[in-house]
Amino acid sequence: MNFKHKYVFLFPGLFVLIGILIFPIIFTIRLSLSGWNSYTPEMNFIGITNYIRLFTDDPRFWESFFRLSFLSVSTVILQYIIGFALALMVWREIKFKRFFRVIFLIPMMTTPVIMTVIWRTFFHESLGPVNDLLGNIGIGPILWLSDPVIAKFTVIIVEVWQWTPFMFLLLLAGLLSLPKEPFLAAAIDGASSFRKFVYVTFPLMAPISIGAIIIRLIEASKIMDTVFVLTSGGPGTATETSSFYIYIKGLREFQMGYAATLSFTYLVIMIISLTIIAKVLTKLMIKE
Amino acid sequence: MKIIKTCLTAIISSVMIFSPMAYADKWSDQFPHIKATGDIPGECSYESMSKKNYKGKTLKINTHAVPVMGEPTALHAEQFAKLTGAKVDVTHTPAGDLYAKAMVPFQAGQAPYDIVFGFSNFINDWRRYLEPVPKKYVEMKQMQDVTPSHIGIASWDGVMYQFPVDGDRHYLKYRKDVIDNPKYQKKYKADTGKELRVPRTWKEYGEMAAYFNDWDWDGDGEKEYGSAEVMKKDDLMYAAFYSRSAAYSKNPKTPGGFFFDLKTMKPLINNPGFVEALTDWVEATKYVPPGGINFGLGDEIGSFGGGQTLFSFSWDDAFVAAMQPDSPINNKVGAAQLPGAMKVWNRESNSWDEGFNQAPFFVWGWAVGVAKKSKEKEMAFDYLCFFANEANHQADIGIGRFGVNPFREADFKADVWTQIGWDKDIAQSYVDTLAEMEKSKNRVFPLRVPGTFEFNAALATAAAKALAGQLSPQAALDEAAKQWEDILNRVGKDNVRKAYAVGVAMEDNKL
């Protein structure tokens, strides 16, 4: 029988895939080879000039990338630890379990930009309530947003607050789906809670943990709204991340061609680094 | 018969005498925004606009977020719609995105907006996509009163592309109740050996700000601070830096460029004048309120306008906000020109010229144009003309949050301001300050060249690094100058030189 007509059914999906994924990537690559900006509004061809500029004359991009790595890795580690602890807490039979489950999810349900505006108000060094409260007990004022080091931790605090519930949700779903038998066996053997966690819960949760960490790393590496609203990348460039830098180059300075170069390079780096991270995590967390 | 004649004459005379008032009442009843003046006759008055019929037509406007400029745009759009029958769609956009929101469709050959608001320094990038202001508007009465500086800012090579709706400059605002207070004058003299007065130089500004920092000098139970300044990167902070640099770097003896040497196009922003200004600014981080290094324009307006600091300098908005009837420091503020310096860098002799120097900075402000591809150009220009008509303008300039500031000769009369409740001496000092700036022959105008955004962003990033302690002032400005060289090479020196020459001619009083 001739089943060639089956390919016809693939076309709609293929067209959608080309439209929403392949075309933008190809367009970005083409744009990255042009000098499109406010004074040259055309898709001219300048070869790899933008790439040479990026690799030889733009330390700010690389600084922002390493800053992003620090911020995303540290926030995801904290989110994982706190999210796991909270998930374990409400996994057990405790009072008001349902209430706590909803409460823990609230930060994730709020709009990031609006919550960041509220956090910015909290952390406002002279008018915000945080320094006011700390002042009552003789601490501060702490320069939450204007000290280059502290500002990074302020960004981490806001990110952890906002996105730990996501980690909590994934890990709680994982915990609820675990088989009961290994836990019963451990209980019969008289294993302590700690040993149960180390030898049963954690290994069983490893595949879900890796998935959750990778998803959050992908999301965290796109951090933009928190930085934009909270610090605008400042003080100086102390909290500037790759996506914020690309936004500045593209939509503030209107260097469209160069911003496309940054975006494509960033995409390649992220694909490579996340693949490596996933493999390393699998090796570390999943024992055959 | 004589009695009837006399009565008729009296009635006719009364009608003639009081008709403008009746006229005014008619429109101010419907539009309370102009209740103080009523309608003022003119080509774009309420009366004139009511005779236009734009029923069935839609005008699309992209403006800034509410309230600054966004609120008056929306208000006048609503009034315009009522008067002419037009439908007016107003889109509000954050300041940082105004440029791109217009530029993307401009470059794609589209006109999603008939009218686009932005900053006056966009003019060089935008002008090829904007319709020049038609002759009939340029020659009308309300335009004749616009100051030559602001006509220059709205124009390029003699062609007006931006319809003047706002006038901007940076100047000093200070707490009059402190600086003029004999008790504090005596205390300051005793503690420092110096006079407490409106600072003449940035050094004096710094000394006074440091002295009045971090203690409760107005007795409200809260600590006050020395100065509120726009120091947040990407939030117009480069304008604040240029203001601080002008006195040290704009030397009237060396015409031919403030930002670049027009002959060689060598960036001047890392010369000792600019470095001195940045060094002062780094010092200023010690006398701003906690978190002041992250203050954007809104924070600066709120901080000074809320009575938190002794000094501030930037656009008019903070001053007008401080003078609003509900402000805690209403009638307690004064205006003066930007401080000067006791030396100015001479790039020709490569040395400092000693002596007092002052240079007002005519910073960019709100600007608006009509898209060349708009299908409703006539209606668009009528709207802008209506926006800036005399009645609207007088009402708008008295509302701090509107961001509409003086740009007409008539605005420089103290009466305009005393009518809205300002003390006479404050109003006088305000209008004198603005008028003196107009008269100055050592002015600095904003950079308006291809790639303006790149130049300013590079400078802002470098200055922000210095303020955050990441780099020394010299290293930061060297980095900025290097980036300016790179931008020049990308854009083309001759392209930049050609555009920069227009601004330099204004600075050198040749236009």
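Predicted model: local features only at pLDDT ≥ 70, side-chain atom pairs only at ≥ 80, totals over all residues.
Leaving aside its neighbours within four places in sequence, which residues is B:Leu459 in contact with? Taking contact to mean C-beta atoms, placed from the backbone, within 7 Å, the partners of B:Leu459 are B:Tyr238, B:Phe241, B:Ile269 and B:Ala480.

Residues are numbered from 1 along each chain as its sequence is written, and chains are lettered from A, and ligands numbered from 1, in the order in which they are written.

Now to the helix pairing in chain B. Helix H12 of chain B, residues 237–249, packs against H20(B) at an angle of about 80 degrees, with the axes 9 Å apart; helices here are DSSP runs of H or I of at least four residues, numbered from the N terminus, and axes are lines fitted to C-alpha atoms over the stretch in contact, with angles running from 0 to 180 degrees between N-to-C directions. The two helices, H12(B) and H20(B), are therefore roughly perpendicular to each other, a label that covers 65 to 115 degrees. On the H12(B) side the contact is made by B:Met237, B:Tyr238 and B:Phe241, and on the H20(B) side by B:Asn456, B:Leu459, B:Ala460, B:Ala463 and B:Ala464.

Finally, chain A, whose secondary structure comes to 12 helices and zero strands, has a C-alpha trace spanning about 80 × 70 × 30 Å along its principal axes. Residues 24 or more positions apart account for 69% of the contacts in chain A with a separation of 6 or more.

Notes:
Contact = placed C-beta atoms within 7 Å. Parallel < 35°, antiparallel > 145°, perpendicular 65-115°, else oblique.
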